[in-house]
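Visitor: Please take a close look at the metal site and the strands of this model. Which parts of the chain come together there, and how are they enclosed?

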Amino acid sequence: MKIISPSLLSADFRHIAEDIRKVESAGADRLHLDIMDGNFVPSITFGPLIINAINNCTHCHLETHLMIQNPSKSFDQYIKAGSDTLIFHIEASNNPKEELSYIRENNVASGIALNPNTDEKCLLPLLDYLDYILIMSVVPGKGGQSFIKSTLKKMENIVQMTKGRNITIGVDGGVNLDTISKVYDTGIDIAIVGSALFKSDNITQRYQDLINA
Ligand code: DX5
Ligand code: ZN
């Protein structure tokens, strides 16, 4: 089944509840929340307060993508705000096994994100601790960037690596009408889509077009 997780980074925060309703009515049952700290990545976005507000206006599964330095310091806040999956970057982590275990102990799905240049072999010792792998197909930091084609091979490798395990694989960055079918063809589970969805004049129709692409 093809799953889209809309990235709210490109939604219109003047009426975020309305944009959420549009993607829900199109069929979305999860949302992707991009947290940037101005340190791990140059931009700053939003934090737990906004996630809590979003949690109060949707029944969607909330996947929180932490693009922050020292992520474990903030885990409690993001869990309390209503994250259902909590994803941190391997490049920012001090002790990934311990940090993934902590997330699970709090009944939240544990996730690792991988930058385009990070070798997927770093995941091998972590497979028993992981519920979710987020493969970055752009350098994290902003929406609307071009898809990096060389990450398709990494997707295939990670699909093989996780065969027979209950690990969800998401792909994040530059997914649009031109790239989404190539992404799904690798066998991954979830395509994260930001600008290609929310910058459309008809968000509901675009969601369908992306599913059918
Ligand atoms: C990039 C973020 C993405 C971003 C994707 O740093 O992690 O989730 O919102 O946006 P698009 O789909 O526009 O590339
Ligand atoms: Zn993201």
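Guide: Four residues coordinate the zinc ion (ligand 2): His32 through NE2, Asp34 through OD, His65 through ND1 and Asp172 through OD, at 2.0 to 2.2 Å. Donors here are N, O and S atoms within 2.8 Å of the metal (3.2 Å for Na, K and Ca), and water is not among the atoms, so sites may look incomplete.

This is a predicted model, where local features need pLDDT of at least 70, side-chain atom pairs count only at pLDDT 80 or more, and totals for chains, interfaces and linings use all residues. Residues are numbered from 1 along each chain as its sequence is written, chains are lettered from A and ligands numbered from 1 in the order in which they are written, and side-chain values use heavy atoms, with hydrogens and water left out.

Six donor atoms surround the zinc ion (ligand 2), and their angles of 69 to 166° make the arrangement octahedral (for six donors: opposite ones over 155 degrees apart, all others between 65 and 115). Along the chain, the donors of the zinc ion follow the spacing H-x1-D-x30-H-x106-D. His32 sits in strand 2 (residues 30-36) and His65 in strand 3 (residues 61-67), 33 residues apart, so the pair links distant parts of the chain. Strands (E, at least two residues) and helices (H or I, at least four) are DSSP runs, numbered from the N terminus. His32 and His65 are both buried (under 20% relative accessible area; exposed is over 50%, partly exposed in between; 1.4 Å probe, protein chains only).

Now strand 5. Six of the six residues in strand 5 (residues 109-114) are buried, so the rest of the structure largely encloses this strand. Ala109, Gly111 and Ala113 point one way; Ser110, Ile112 and Leu114 point the other way. In a regular strand, side chains alternate between the two faces of the sheet.

Strand 5 has a parallel partner in strand 4 (residues 85-89), joined by five bridges. Strands pair if DSSP finds at least two bridges between them. Gly111 in strand 5 is the bridge partner of Ile87. From strand 4 the chain passes through helix 4 (residues 96-105) to strand 5, a right-handed β-α-β crossover. Right-handed describes a path from the first strand over the helix to the second that runs clockwise, with the strands pointing away from the viewer.

Strand 6 (residues 132-136) also pairs with strand 5, in the parallel sense, over four bridges. Here Ile112 has Ile133 as its bridge partner.

Strand 6 is enclosed too. Five of its five residues are buried, so the strand is largely surrounded by the rest of the structure. Tyr132, Leu134 and Met136 lie on one side, Ile133 and Ile135 on the other, and both faces are covered.

Next comes strand 7 (residues 168-172), parallel to strand 6 and joined to it by five bridges. Ile135 stands opposite Val171 in strand 7. Between strand 6 and strand 7 the chain crosses through helix 5, and this β-α-β crossover is right-handed.

Helix 5 spans residues 151-161 and holds Val159. Val159 is buried, with a relative accessible area of 13%. From C-alpha to C-alpha, Val159 and Ile112 are 15 Å apart in space, and 47 residues apart in sequence.

Technical notes: Tetrahedral: all angles 85-135°; square planar, octahedral: opposite > 155°, others 65-115°.
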